[in-house]
Amino acid sequence: MSIDFDIVAQATPALLQGLKVTATVSMVGIPLGILAGTVAAYMADSASRPLRMLALGYVELVRNIPFLILVYLSFFGLPKLGLLVSAFGIAIGATAFYTGGYFCEILRAALRSVPRGQVRAALSLGMTGWQVQRHVVVPQIFGFLIPPSVSLTIMMFKDSAVFSVMSLPELTYQSNLMTADTFAYLEVLTTTALIYWGCSAVFDAFGHAMETRVRRWSHR
């Protein structure tokens with residue numbers, strides 16, 4: 001068995017075009033999801049019962065519905081409701097929705113790692129709720145958030161492969177087209193896997209660098 005490097009060279013430009021779409025969906029959808037997850041985390045820990053129920057219901061929805069089913073529901077269900085959204089828009093929305101549910105739980109765990117006594121002491125000194133978060137809570141949880149957030153980012157980046165079912169021209173979709181044209185499954189799929197691995201390794205290295213920087217800053 002030999003590897004045809006001519007096919008690898010032929011497939012690489014198309015795969016890199018797909019990577020651009022995958023990267024764009026991830027770069028827009030994941031930050032939106034982190035924002036949604038932050039709002040949901042504070043709602044889940046608020047004193048308002050309706051807000052808590054709404055946030056916890058959102059998390060349970062994300063936990064218990066497979067990502068692929070959510071994508072199918074969005075792609076086929078939204079037109080039935082009169083909402084015409086492009087495959088690209090659905091990809092960003094689904095990525096944000098799913099990321100938000102998981103980040104909500106990550107942030108809630110981080111918030112609970114800060115002793116309640118510190119928050120009460122800061123409030124008793126006259127700090128506002130925003131000042132407590134800014135000067136007491138966030139500096140302590142930032143280092144805690146980095147490892148699970150990096151893992152979540154890598155997971156969502158790789159899970160973007162499911163958007164190929166909507167014919168969104170992302171990395172896996174381009175890989176499918178190339179294998180259908182050339183029948184060179186080993187060459188094309190190995191190149192695709194290496195691209196996913198390389199990008200995930202970059203995310204991982206960035207997370208380690210951030211973690212090291214935060215650790216040094218916290219020991220000053």
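Contact is taken here as heavy atoms within 4.5 Å. The model is predicted, local features need pLDDT of at least 70, side-chain atom pairs count only at pLDDT 80 or more, and totals for chains, interfaces and linings use all residues. Residues are numbered from 1 along each chain as its sequence is written, and side-chain values use heavy atoms, with hydrogens and water left out.

Threonine 153 belongs to helix α6 (residues 129-159); helices are DSSP runs of H or I of at least four residues, numbered from the N terminus. Leaving aside neighbours within four places in sequence, threonine 153 contacts Ile30 and Phe203. A polar atom of the threonine 153 side chain lies 2.9 Å from the backbone oxygen of serine 149.

The largest pocket holds about 620 Å³ of space. A pocket is an open set of points on a 1 Å grid over the protein atoms alone where a 1.4 Å probe fits, with protein on both sides within 12 Å along at least five of seven lines; lining residues have an atom within 4 Å of a point. Volume is the space filled by probe spheres set on the points. Of the 24 lining residues, Ile34, Phe103, Ser149, Val150 and Thr153 are the closest to the centre of this pocket. Two or more lining residues come from each of α1 (5-44), α4 (87-112), α6 and α8 (185-218). The lining of the largest pocket comprises 19 nonpolar, five polar and no charged residues.

The second largest pocket holds about 280 Å³. Its lining includes Tyr42, Asp45, Arg112 and Arg116, and α6 supplies the largest share, four residues.

Note on methods
Polar contact = N/O pair within 3.5 Å; in protein donor to acceptor, adjacent residues only side chain to side chain. Nonpolar A, V, L, I, M, F, W, Y, C, P; charged D, E, K, R; others polar.
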